[in-house]
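Colleague: I have a model open and want to learn how to read it. Where do we begin?

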Amino acid sequence: MTHPAAIALNAVNIQHDDEPIIKDLTLSFEQGKSYTIIGPSGCGKTTLLYTIAGLNTILSGTLDFKPMDAQSHIAMVLQEYGLFPWKTVWQNMTLGLIIRQKTLGEAETSNASKIAKELGIEAHLEKYPHQLSGGQKQRVAIARAWLLSPQIMLMDEPFSAVDTITRETLQNTIIELIAKRELTWITVTHNIEEAVFLGAEVLLMAQKGGTIIKRFENPYFGDPLLREKPEFYALCLEIRKAMQAVHDET
């Protein structure tokens with residue numbers, strides 16, 4: 001069943017230092033669906049993500065949200081974690097809530113404790129970021145975003161700095177979170193296998209201009225055992241060939 005568009009870009013143009021980054025991009029994201037965006041370095045993936053987050057100025061075109069207040073309910077997980085080194089794990093993960101409502105009530109405190117346990121960081125709440133592994137830091141960043149109960153979740157290369165096993169464990173965690181709450185989830189990644197595992201639809205961007213040149217539907221999305229199945233590797237191969245064609249054109 002097709003859901004209404006949660007995010008709609010219409011003829012969007014963005015440039016940095018007078019250099020066009022995204023040209024006349026028209027694109028929509030369905031409500032409650034998980035997307036991954038993949039493409040060559042410098043193709044505009046992160047620019048697109050930051051634009052949806054409201055962090056880039058649109059030169060022309062429109063960016064609309066349904067419902068209209070959805071943009072105020074966006075959470076973002078960054079590649080470099082975005083944790084404050086002078087704050088504890090608990091202080092970092094609850095920071096967004098405190099900024100939003102000034103204080104934590106009993107219900108919010110209980111929910112934060114529950115999320116910490118679900119994400120496996122309950123034993124580290126009094127530690128500081130420098131005392132954590134990369135995977136633990138990213139779990140704190142995910143917890144902070146998740147506690148905001150967003151309608152839209154954005155992730156920019158979230159697991160690029162961790163080893164393969166940690167990456168896959170964190171990917172499994174994301175699939176578990178997606179199953180718990182319906183929201184629009186958009187992940188930018190360079191990793192084809194990650195794109196297939198985390199995306200109900202994989203969007204491939206062109207080398208330049210921020211253009212989406214191909215969309216891959218993933219009927220296997222949400223299966224925690226997907227990596228063990230031949231369908232996973234077949235879709236990865238299809239996307240890899242399409243990406244190779246993009247590189248060959250440059």
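Modeller: With strands. A strand is a DSSP run of E, at least two residues long, and strands are numbered from the N terminus. Strand β2, for instance, covers residues 19-30, and Asp 24 is in it. Keep in mind that this is a predicted model.

Colleague: How many helices and strands are there in the chain?

Modeller: Eight helices and nine strands.

Colleague: How does the radius of gyration of the chain compare with the globule rule?

Modeller: The radius is 18 Å, and the rule gives 18 Å for 250 residues, so the chain is as compact as a globular protein of that length. The C-alpha trace spans about 50 × 45 × 40 Å along its principal axes.

Colleague: What share of the residues is buried?

Modeller: Buried means under 20% relative accessible area. Here that is 48% of the 250 residues. As for the surface, the chain exposes about 12200 Å², and carbon and sulfur atoms supply 52% of that.

Colleague: What do the contacts say about sequence distance?

Modeller: Take contacts between residues at least 6 apart in sequence. Of these, 70% join residues at least 24 apart.

Colleague: Which residues have the most contacts inside the largest nonpolar core?

Modeller: Met 93, Met 153, Ile 174 and Trp 185, in a core of 51 residues. Helix α8, residues 230-248, gives the most to this core: seven residues. Apart from it lies another core of 28 residues, including Ile 7 and Phe 65.

Colleague: What does Met 153 touch, beyond its neighbours within four places in sequence?

Modeller: Its contacts include Ala 75, Val 77, Trp 146, Leu 183 and Trp 185.

Colleague: Back to strand β2. Is Ile 22 buried or exposed?

Modeller: Ile 22 is in that strand. Its relative accessible area is 1%, so it is buried. Setting aside neighbours within four places, its contacts include Val 12, Ile 14, Leu 48 and Gly 209. Ile 38 is 16 residues away in sequence and 15 Å away in space, C-alpha to C-alpha.

Colleague: And Asp 24, buried or exposed?

Modeller: Exposed, because its relative accessible area is 55%, and the cut-off is over 50%.

Colleague: Where is Ser 149 found?

Modeller: In the loop between α5 (134-146) and β6 (152-156). Ser 149 has a relative accessible area of 41%, so it is partly exposed.

Colleague: How many positive and negative side chains does the chain have?

Modeller: There are 23 positive and 29 negative. The centres of the two sets lie 3 Å apart.

Colleague: One last residue. Where is Thr 169?

Modeller: In helix α6, residues 164-180. Thr 169 is partly exposed, with a relative accessible area of 35%. Gly 135 is 34 residues from Thr 169 in sequence, and their C-alpha atoms are 9.0 Å apart.

Note on methods
Residues are numbered from 1 along each chain as its sequence is written. This is a predicted model: local features need pLDDT of at least 70, side-chain atom pairs count only at pLDDT 80 or more; totals for chains, interfaces and linings use all residues. Side-chain values use heavy atoms; hydrogens and water are left out. Helices (H or I, at least four residues) and strands (E, at least two) are DSSP runs, numbered from the N terminus. The radius of gyration is taken over C-alpha atoms; the globule rule is 2.2 Å times the number of residues to the power 0.38. Buried means under 20% relative accessible area, exposed over 50%, partly exposed in between (1.4 Å probe, protein chains only). Contact means heavy atoms within 4.5 Å. Accessible areas come from the Shrake-Rupley method with a 1.4 Å probe; for residues, only the protein chains shown count as cover. Lys and Arg count as positive and Asp and Glu as negative; His and the chain ends are not counted. The place of a charge is taken as NZ of Lys, CZ of Arg, CG of Asp or CD of Glu. A nonpolar core is a set of buried Ala, Val, Leu, Ile, Met, Phe, Trp, Tyr and Cys residues joined through side-chain atoms within 4.5 Å.
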